[in-house]
Amino acid sequence: MQRRNFLRVAVVGAAAAAFGGAAWRDAFADGAQPGASPYGPLLAADGNGIQLPQGFTSRVIARTGQQVAGTGYTWHPAPDGGACFVDGSGWIYVSNSEVSSTGGVGAVKFNASGQITGAYRTLANTNVNCAGGATPWNTWLSCEEVDRGYVYETDPWGVKAAIRRPAMGRFKHEACAADPDHGYVYLTEDVPDGCFYRFKPTTWGDLSSGTLEVLKGTSSQTSGPVTWGVVGDVDGSPTATRNQVVGAKRFNGGEGCYYAGGTCWFTTKGDNRVWAYHAGTSSISLTYDDNLVTGGAAPLTGVDNVTGTSSGDLFVAEDGGNMEICLITPAGIVAPFLRITGQSGSEITGPAFSPAGNRLYFSSQRGTSGSSSGGITYEVTGPFRS
């Protein structure tokens, strides 16, 4: 309640405008607030146990331990972060595997009508591959969520060998997002006193070398200008990368990360917040904070992976909560978009839209079993706003 009474945040429309000019509200005092979803209320659960708005349908794409339909690939355990890539008239969905030792990345190929045409591995034998991010040059960055973990650059087509990218720092990686407008890749760190990083490649498109920096600001700062400090030892030993720069701002459990139109949105699970970093002004603000929700229970808790649409809507997956993907509109409305029933021991991971924007992919990491062997990957199709 102390934070609700005294913490006030603002989202600046000019800096936060994204997704082809979507008009975010100039300012809302307490971040996004509950309201009616533009898609309407959730209906009763369908045959897959998913509650969706009118006009949307779901299907199961893959299950851990079972072969993806029509392919020889056995879907990996604990499916986590993911992204879609254009593949001719079709597309590819890549998915991390958040388990130790075998980890890695799997992929599913679709043709123009959405039929599965293939599935395969693109990375194997790495540790706890949690989230990551797509690059503008069509590679997938898969991040290890372990102490002094690596970022691996992988080929969604599985033709080129994956490459380890130590220049991007060794720490407990979560997600990353490429900013082609300013030439950075932003990265989150999943520890209670973690940092928010940016990596400046020496040559854009080549992640083999560059400069790693950490965001600097006051411990209580939730809005306003920030600065950056260079991480001197990206290897993180003996001093962790987050402890090398005086004045580094701490973030409580960095999770998802998504960039569009000058803004990088990222989430922190320890305090259920969605942040915005405005690259043009080098400033931060809060887009959502569950403790600042007024007039009832917060609809979004357990914030995790985040993605967006061309309409400007953010889609935020829950790790726990009530197993929802919630949307945050440019007008500052937060509302459930879907809910998975009967899987309270799981979390929602890997939300990503198909290139046309009419299909949403995501996973229930542990499914109905509550274990890494129970993962289920879904597709939702319908009239998403454009």
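## Worked exercises on a predicted model

Strands β3 and β28 (residues 376-381) run antiparallel to each other and are joined over six bridges. Keep in mind that this is a predicted model.

**Exercise 1. Work out which strands make up the open sheet that holds β3, and which of them sit at its edges.**

Step 1: The open sheet has four strands in the order β3-β28-β27-β26, and the pairing is antiparallel.

Step 2: Look for strands that pair on one side only. Those are β3 (57-63) and β26 (348-353), the edge strands.

Step 3: Check the twist, which averages 20° from one strand to the next.

**Exercise 2. Decide whether Q365 is buried or exposed, and find the side chains its own side chain contacts.**

Step 1: Q365 sits in the loop that links β27 (359-364) to β28.

Step 2: Apply the cut-off. Buried means under 20% relative accessible area. Q365 comes in at 4% relative accessibility, so Q365 counts as buried.

Step 3: List polar contacts. The Q365 side chain has one with the side chain of E98 at 2.7 Å, and another with the side chain of R366, also at 2.7 Å.

**Exercise 3. Describe the surroundings of β22 and its hairpin with β23.**

Step 1: Count buried residues. For β22 (303-308), six of the six are buried, so the strand is largely enclosed by the rest of the structure.

Step 2: Find the partner. β22 pairs with β23 (residues 314-318) in the antiparallel sense, over four bridges.

Step 3: Inspect the turn. Five residues lie between the two strands of the hairpin, and G312 takes a positive phi near 100°.

**Exercise 4. Characterise the largest pocket by its volume and its lining.**

Step 1: Get the volume: the largest pocket holds about 990 Å³ of space.

Step 2: Collect the lining. It takes in 43 residues, and those nearest the pocket centre are A83, C84, A134, Y258 and T307.

Step 3: Sort the lining by class. You get 24 nonpolar, 18 polar and one charged.

Step 4: Trace the lining back to strands. β4 (79-87), β8 (129-134), β12 (173-179), β18 (254-260), β22 and β26 each give at least two residues. The largest share is six residues, and β4 supplies it.

Step 5: Link back to the earlier exercises. The enclosed strand β22 and the edge strand β26 are both among the strands that contribute to this lining.

Key
Residues numbered from 1 in each chain as written. Predicted model: local features only at pLDDT ≥ 70, side-chain atom pairs only at ≥ 80, totals over all residues. Heavy atoms only, no water. Pairing = 2+ DSSP bridges. Axes fitted to C-alpha atoms, helices over the stretch in contact; angles between N-to-C directions. 1 Å grid on protein atoms, 1.4 Å probe; cavity = no way out; pocket = protein on both sides within 12 Å on 5 of 7 lines; lining within 4 Å. Points joined across faces, edges and corners; volume = space filled by probe spheres on them. Nonpolar A, V, L, I, M, F, W, Y, C, P; charged D, E, K, R; others polar. Buried < 20%, exposed > 50% of the residue type's maximum accessible area, 1.4 Å probe, protein only. Polar contact = N/O pair within 3.5 Å; in protein donor to acceptor, adjacent residues only side chain to side chain.
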